[in-house]
Amino acid sequence: MSSVKSTATWSSATDVVKHILDVHHPFVRAELPKLADLAARMGNRTVEQLVAAIADGMSTHMMKEEQILFPSIVELEQAAREKRAPHAMLCGAEGPIAQMKAEHDEARATLILLLKACDEAPYRAIRERLIAFQTDLEAHAGLEETVLFPWAIRLFDAA
Ligand SMILES: [Fe+2]
Ligand SMILES: [Fe+2]
């Protein structure tokens, strides 16, 4: 499990993006099939559906970050460093960022439902994996919400 570095240790928003792409997104992608597999073995339709909902939501969410939001942040930072206008950008950072936060909250809420559904003894194995997933999601979404997104808004406002 990765730890959240304090804001002061990040030298650029690009470094934060790299960390998320190196550590958190691969963790989520590695865990989702394992959770789906455990859910299938439990034979509980609700648990399977909730795991599928997190998998769908997080896969699309991370794809949007990787293909749209993060490249925009990296480009904004590079343009600022090179004292030039950024290439074609998102039209405003607030809208896409609000959407990303709403998707984090959706994943958080689904995880809470899942943990409730997996509260009993036979669910111990999946429950432990879900708790580890939740811990990583808090570090991951927390880093985006408290460090990266505010940084992106400052970069966007300055551009
Ligand atoms: Fe992310
Ligand atoms: Fe995110």
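Lys101 is partly exposed, with a relative accessible area of 35%; here buried means under 20% relative accessible area, exposed over 50% and partly exposed in between, using a 1.4 Å probe and protein chains only. The residue sits in helix α3. Helices are DSSP runs of H or I with at least four residues, strands are runs of E with at least two, and both are numbered from the N terminus. Not counting residues up to four places away in sequence, Lys101 touches Glu145 and Phe149, where contact means heavy atoms within 4.5 Å. Lys101 and Gly142 are 41 residues apart in sequence, and their C-alpha atoms lie 9.8 Å apart in space.

This is a predicted model, in which local features need pLDDT of at least 70 and side-chain atom pairs count only at pLDDT 80 or more, while totals for chains, interfaces and linings use all residues. Residues are numbered from 1 along each chain as its sequence is written, chains are lettered from A and ligands numbered from 1 in the order in which they are written, and side-chain values use heavy atoms, with hydrogens and water left out.

The protein chain as a whole comes next. It has four helices and zero strands, and reads α-α-α-α along the sequence. The C-alpha trace of the protein chain spans about 60 × 30 × 20 Å along its principal axes. Of its 159 residues, 42% count as buried. Among contacts in the protein chain with a separation of 6 or more, 76% are accounted for by residues 24 or more positions apart.

The helix pairs can be taken in turn. Helix α1 covers residues 13-42 and helix α2 covers residues 45-81; their axes come within 10 Å and cross at roughly 165°. Axes are lines fitted to C-alpha atoms, for helices over the stretch in contact, and angles run from 0 to 180 degrees between N-to-C directions. The helices α1 and α2 are therefore roughly antiparallel to each other; by the convention used, angles under 35 degrees count as roughly parallel, over 145 as roughly antiparallel, 65 to 115 as roughly perpendicular and the rest as oblique. In passing α2, α1 makes a left-handed crossing, meaning that the near helix is turned anticlockwise from the far one by less than a right angle. The contact of α1 with α2 involves 20 nonpolar, three polar and five charged residues. In this classification Ala, Val, Leu, Ile, Met, Phe, Trp, Tyr, Cys and Pro count as nonpolar, Asp, Glu, Lys and Arg as charged, and the others, Gly among them, as polar.

Helix α1 also packs against α4, at an angle of about 155° and with the axes 10 Å apart. These two helices, α1 and α4, are therefore roughly antiparallel, and their crossing is left-handed. By class, the contact of α1 with α4 has 21 nonpolar, four polar and five charged residues.

For α3 and α4, the axes come within 11 Å and cross at roughly 165°. The pair α3 and α4 is therefore roughly antiparallel, and α3 passes α4 in a left-handed crossing. The residues of this contact divide into 15 nonpolar, three polar and seven charged.

Leaving aside neighbours within four places in sequence, Ile126 is in contact with Leu35, Leu38, Ala39, Val47 and Cys118. Cys118 lies in the loop between α3 and α4 and is buried, with a relative accessible area of 0%. With the same exclusion of neighbours within four places, Cys118 is in contact with Val47, Tyr123, Ile126, Arg127 and Leu130.

The loop between α2 and α3 holds Lys83. Lys83 is exposed, with a relative accessible area of 76%, and has a positive phi of about 50° although it is not a glycine.
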